[in-house]
Amino acid sequence: MTIDPRYDASAGTPDERRVLHEQNRLSWNEATKAHNSHKANQAAFFRAGGHKLFPVETELLGDLRDKSVVHVQCNAGQDTLSIKQLGAERVTGVDISDEAIDFARKLSADSGVPATFHRADIYEWLAEAAKGNERWDVVFCSYGAVIWLSDLASWAKGIAAVLKPRGRFVTVEFHPIEMMFEVDYSHKYAYSTHGKPLTWSDGIEDYVARSGPNNVPSGWLDGVQDFKNPQAAHEFHWGTAEIITSLLDAGLTLEHFHEYDYVTHKVYDEMREVAPRKWELREGVPSFPLMYSIAARKP
């Protein structure tokens, strides 16, 4: 399949996109409660110096000492605090979900790991941040962040605007090929929707429950059972060419792109856990990319 990266990546007018983002905020508010219900002793985990980033992320982020990092679409802040634990001087998290940001602020206070959190639509926050004087050494996002972006061009330009000169953008993400398949490996979805929304009436699922105890390093609780999200959600699937081209068009220089035949979260019903928090396709399924990583630098 060939994807034309010059495709007009839009889900409508800014006002129309904002309506979709607002619905996603409601769906994330519900899902975040279920996700955190399974995670025990999170404040104690961070107080003891723990972090929950995967090796692929820590290697790509590199030495963070004396660095400022903004974690966009940070969810409930666990990875943001993990970045601080890795030695970053100053860490900021941004997410659209009220529930997620309220949780992140409390977790930061209870754990004693300092971070600043903003509740905002990522597009609105990037636009406001670009007007100010604060700039960051690293902009980071990961795992299921890109599919909530309705406009790649504005997102990439916003990231470039808030980076310091020689600053880096880093992401580790689920591969769009992986997202073409249902949990039973049946091929159901397009490689890219080119910015058009894919609507899920049953909203954001409890993916923490799907991955199970091995993906919760702070400790496992049974928590919410058989979660049903009452709020619909809108996803925007993008091909890797579209993502990379948006960053290049924003003036960033690509330094790293890699694809992985394993994934750090259980995404299909039948998978092989070959190591803690490392899943491969079931026996008999031909290999295809499950994750990718990108690093790009501002000149």
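1. Start with the outward side of helix 5: the face turned away from its buried side carries Asp102, Lys106 and Ala109, which are exposed. Keep in mind throughout that this is a predicted model.

2. Now the other side of that helix. Ala100, Ile101, Ala104, Leu107, Ser108 and Ser111 are buried. Looking down the axis of helix 5, these buried residues fall within an arc of 125°, so they line one face of the helix. As a reminder, an α-helix has 3.6 residues a turn, so residues three or four places apart point the same way. What do the buried residues of helix 5 pack against? The partners are helix 1 (14–36), helix 2 (42–47), helix 4 (78–85), strand 2 (90–95) and strand 3 (116–119).

3. The geometry and the ends of helix 5 are worth a look too. Helix 5 runs over residues 98–111, 14 residues in total, and spans 20 Å from its first C-alpha to its last, close to the 20 Å expected at 1.5 Å a residue. At its start, a side-chain oxygen of Ser97 comes to within 3.3 Å of the backbone nitrogen of Glu99. After the helix comes Gly112, with a positive phi near 80°.

4. Helix 9 (240–249) is another story. Seven of its 10 residues are buried, so helix 9 is largely enclosed by the rest of the structure. The buried ones are Thr240, Glu242, Ile243, Ile244, Thr245, Ser246 and Leu247. They pack against helix 7 (152–162), strand 5, strand 8 (253–260) and strand 11 (291–297). Helix 9 is followed by Gly251, whose phi is positive, near 95°.

5. Is His237 buried or exposed? At 3% relative accessibility, His237 counts as buried. Its side chain makes a polar contact of 2.7 Å with the side chain of Glu235. Setting aside neighbours within four places in sequence, His237 touches Ile147, Met179, Ala190, Tyr191, Ser192, Thr193, His194, Gly195 and Leu198.

6. Phe174 belongs to strand 5 (residues 163–174). The residue has a relative accessible area of 14%, and because the cut-off for buried is under 20%, Phe174 counts as buried. Beyond residues up to four places away in sequence, its contacts include Met179, Val263, His265, Leu290 and Tyr292.

7. Two backbone angles to flag. Most residues other than glycine have a negative phi. Gln73 is not a glycine, yet its phi is positive, about 55°. Gln73 lies in the loop between strand 1 (68–72) and helix 4, and is buried at a relative accessible area of 15%. Arg166, also a residue other than glycine, has a positive phi near 70°. Arg166 lies in strand 5 and is exposed, with a relative accessible area of 52%.

8. How many cavities of 30 Å³ or more turn up? The count is two. The largest cavity holds about 70 Å³ of space. Its lining is made up of Lys39, Gln42, Phe45, Phe46, Lys52, Gln78, Asn215, Val216, Pro217 and Ser218. Helix 2 gives the most to that lining, with three residues.

Conventions. Residues are numbered from 1 along each chain as its sequence is written. Side-chain values use heavy atoms; hydrogens and water are left out. Helices (H or I, at least four residues) and strands (E, at least two) are DSSP runs, numbered from the N terminus. The expected span of a helix is 1.5 Å times one less than its number of residues. Buried means under 20% relative accessible area, exposed over 50%, partly exposed in between (1.4 Å probe, protein chains only). The arc is that of the directions from the helix axis to the C-beta atoms. Contact means heavy atoms within 4.5 Å. A polar contact is a pair of N or O atoms within 3.5 Å; within protein, one must be able to donate a hydrogen and the other to accept it, and residues adjacent in sequence count only if both atoms are side-chain atoms. On a 1 Å grid over the protein atoms alone, a cavity is a set of points where a 1.4 Å probe fits but cannot get out, and a pocket is an open set with protein on both sides within 12 Å along at least five of seven lines; lining residues have an atom within 4 Å of a point. Grid points are joined across faces, edges and corners, and a volume is the space filled by probe spheres set on the points.
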